[in-house]
Amino acid sequence: MTEPQTENSYRTQRKPRSAFATREAYLEHELQVMAPRRWAPNYPFRDYRFEWEDWIPAMAATIGKVVMVAAIVAAFATPLGLSTEFITENIRFEMLIAAVLFAFFLSGFLNPTANLPGTHGPLIPMIPLVVASGGHPMALGIMIGILGFILGITKCGSLLTRLTSNGVAGGLLLYLGFIGVTSQVGRLFSWAESFDKGHIAFVVLLATIVMYALLEHFRKRWLAIPLGCLLAGLIAFALGAPFEFTTEPGLPNMNPAYWWGESTGWQLGLPDLKAFLAVTPFAILAVAMWSPDFLGHQVFQRLNYPKNTDRVIMNIDDTMIGAASRQIVGSVMGGANITSSWGTYIVPAAIAKRPIPGGAVLTGILCIATAILGYPMDLAVWPPVLSIALIVGVFLPLLEAGMQMTRKGKTTESAAVVIFSSAIVNPVFGWSLTVLLDNLGLIGCKERGQELGHTGRWIIPGIVFALLSVVMLAIGMFPGVPAVVGAFRME
């Protein structure tokens, strides 16, 4: 489709809200007639519009961004003995990078089918090991960016997702959803019990369940994030939970030379060759985790969007290129964020039946406001607001999507195996092993495996599983098995 045709397609086919009996029908029509340009200018009101539903994923994404970046920066900074003030400043810096260069420019202007580059949560537990083995935040970021860019530009990311059956993908969503829900429930109770008021967590969670059921009944589930956060915050505060604003307004240092100085910022200087070698196994593993992560986000869109919306579905390869670019830029400038597809944005956006660009621009606005004002960062990380936002906005929807994907066909075997194997090691191990077993026809749909040919059945899945197993064995990720490479052994 040429550019004039693309423009005319959206402008001539879209209809006002008054032309539809329900708002849901209007939003679905918007998804069906949008014709976003890939790697070309997309302008508000010409190529897409803003709806008030776009604020839902923007709010969830901003809350998720504050929390996840804080976790990653703290994981790097704490072993290095850096202060909490440093952590706060780096979080602010990272949010401004994400907002201005990528939420606005990438997903809101240049390529609306590329999801926003977010934060790589599953890698957080490995960061202390990166630091202990002599890894450098800039070296890790650059290596992840280079490998991710190669994966995206060669379209290997979308290839791996095509080799993943519905059973494997559904089981992965079920596992991630269940682990996420139980983790947040546990954290909420731990927080409440820390000041001897464990009943607050119980009341907040019970109220959230009732609210979620009512929203599901009235088909207003997309309101779960703002209403859930408001309800959780009010209940917790009314029952005596402590809260105060402590982060003051301000701007971070924007000079990369400050962040990578010998005695300023990270106080690490620039990385040498040894630092790059130390982080290579972690970079390979991080990028390998992208495919199942990105696949889950794309699948969730397809389950929530109506038919004939392929043009607005997240493009996995473009998202990988965007995430890789964001990783390199952020790391060189001085940030510590490890990038992946922005799950706390795309999942609520799919529920609200909104395409990527409008909410991306609003996410950028909220991230800038949060970084400068400071006070919203305190509210976003307050446990009742944080946990409920993640439960109703990300993890419960992932559980529902996983159940939908495993209801038809011979999917239950593959789903069970990917859950089991993920519980043994981690999701990337479970995904790679189950894809291999599934495509060989040992589990799942036997006919599907026969249609893939030798390359899709065992050559590519076998290489991926072997490579990831070697990397995980080298850095000590197999339970009960010490790291084969001595530099990665924790004393």
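Leaving aside neighbours within four places in sequence, Thr-319 is in contact with Thr-113, Ala-114, Asn-115, Phe-294, Met-314 and Ser-341, where contact means heavy atoms within 4.5 Å. The model is predicted, so local features need pLDDT of at least 70 and side-chain atom pairs count only at pLDDT 80 or more, while totals for chains, interfaces and linings use all residues. Residues are numbered from 1 along each chain as its sequence is written, and side-chain values use heavy atoms, with hydrogens and water left out. Thr-319 itself sits in helix α14, residues 316–333; helices here are DSSP runs of H or I with at least four residues, strands are runs of E with at least two, and both are numbered from the N terminus. With a relative accessible area of 1%, Thr-319 is buried (buried is under 20%, exposed over 50% and partly exposed in between, for a 1.4 Å probe and protein chains only).

Two cavities of 30 Å³ or more are found in the structure. A cavity is a set of points, on a 1 Å grid over the protein atoms alone, where a 1.4 Å probe fits but cannot get out, and lining residues have an atom within 4 Å of a point. Grid points are joined across faces, edges and corners, and the volume is the space filled by probe spheres set on the points. The largest cavity has a volume of about 50 Å³, and its lining consists of Leu-160, Leu-163, Trp-431, Ser-432, Val-435, Pro-461 and Val-464. Helices α20 (427–439) and α22 (453–475) are the elements that give two or more residues to this lining, and α20 gives the most, with three. By class, the lining of the largest cavity has six nonpolar, one polar and no charged residues (Ala, Val, Leu, Ile, Met, Phe, Trp, Tyr, Cys and Pro are nonpolar, Asp, Glu, Lys and Arg charged, and the others, Gly among them, polar).

The second largest cavity holds about 40 Å³ of space. Around it stand Arg-221, Trp-222, Ala-224, Ile-225, Pro-348, Ile-351, Val-392 and Gly-393, with at least two lining residues supplied by each of α10 (224–238), α15 (343–351) and α18 (383–405). This lining divides into six nonpolar, one polar and one charged residue.

Turning to the aromatic residues, 19 aromatic pairs are present. Rings of Phe, Tyr and Trp (its six-membered ring) pair if their centres lie within 6.5 Å, with planes under 30 degrees apart counted as stacked, over 60 as edge-to-face and the rest as tilted. The ring centres of Tyr-43 and Phe-109 are 5.7 Å apart and the planes meet at 65°, so this pair is edge-to-face. Because Tyr-43 lies in the loop between α2 and α3 and Phe-109 in helix α4 (residues 84–110), the pair ties together parts that are 66 residues apart in sequence. Tyr-43 is partly exposed at 38%, and Phe-109 is partly exposed at 24%. Ring pairs also link Phe-76, Phe-86, Phe-93, Tyr-258, Trp-259, Trp-260 and Trp-266 into a cluster.

Finally, the structure holds zero disulfides, a disulfide being a pair of cysteine sulfur atoms within 2.5 Å. For Cys-229, the closest cysteine sulfur, in Cys-367, is 15 Å away, too far for a bond. Cys-229 is buried, with a relative accessible area of 9%.

Note on methods. On a 1 Å grid over the protein atoms alone, a cavity is a set of points where a 1.4 Å probe fits but cannot get out, and a pocket is an open set with protein on both sides within 12 Å along at least five of seven lines; lining residues have an atom within 4 Å of a point.
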